[in-house]
Amino acid sequence: DMNEEINSINQIFPTSPAGNVSRRDAGGKARAIRTWIRSVIGKTIHYKVQHQRLLDEAATTLQLALPKDIVMKNVLPFLELP
């Protein structure tokens, strides 16, 4: 899904009309790029939230299964996103 979204610009961009600088028209290419960037960012945010939710669930499972000092010192720092 994400790879398709990233590669979709290759399908959209070549057929988008160019703008006209003298008429201050950004053109279809600029609009296509802006729309594409918004879409990629939106999906990235969605997947990052989904990833964090899975990490939180895994951390909870580990907290129940392992001694607390091991989880706090070794597991949770490893699971944090930058």
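These legends describe views of a predicted protein model.

**View 1. The overall fold holds four helices and two strands.** From the N terminus on, the elements run α-α-β-β-α-α. The radius of gyration is 21 Å, well over the 12 Å that the globule rule gives for 82 residues, so the protein is more spread out than a compact globule. Along the principal axes, the C-alpha atoms fill a box of roughly 70 × 20 × 15 Å.

**View 2. The surface and the contacts of the chain.** The protein exposes about 6,600 Å². Carbon and sulfur atoms supply 61% of that area. Buried residues make up 16% of the 82 residues. Take the contacts between residues at least 6 apart in sequence: 43% of them join residues at least 24 apart.

**View 3. A nonpolar patch lies on the surface.** Its members are F13, I33, I37, I41, I45 and V49. Together they have about 480 Å² of accessible area.

**View 4. F13, a member of the patch, sits in a loop.** The loop runs between helix 2 (9-12) and strand 1 (18-20). F13 has 31% relative accessibility, so it counts as partly exposed.

**View 5. S39 belongs to helix 3.** This helix covers residues 27-65. S39 is partly exposed, because its relative accessible area is 24%, and buried means under 20%. S39 and V49 are 10 residues apart in sequence. In space they are 15 Å apart, C-alpha to C-alpha. V49 is one of the residues of the nonpolar patch.

How values were computed. Residues are numbered from 1 along each chain as its sequence is written. This is a predicted model: local features need pLDDT of at least 70, side-chain atom pairs count only at pLDDT 80 or more; totals for chains, interfaces and linings use all residues. Side-chain values use heavy atoms; hydrogens and water are left out. Patches are made of residues with over 30% relative accessible area and no salt bridge: like charges are joined within 9 Å, nonpolar side chains (Val, Leu, Ile, Met, Phe, Trp, Tyr) within 5 Å. Accessible areas come from the Shrake-Rupley method with a 1.4 Å probe; for residues, only the protein chains shown count as cover. A salt bridge is a side-chain nitrogen of Lys or Arg within 4 Å of a carboxyl oxygen of Asp or Glu. Buried means under 20% relative accessible area, exposed over 50%, partly exposed in between (1.4 Å probe, protein chains only). The radius of gyration is taken over C-alpha atoms; the globule rule is 2.2 Å times the number of residues to the power 0.38. Contact means heavy atoms within 4.5 Å.
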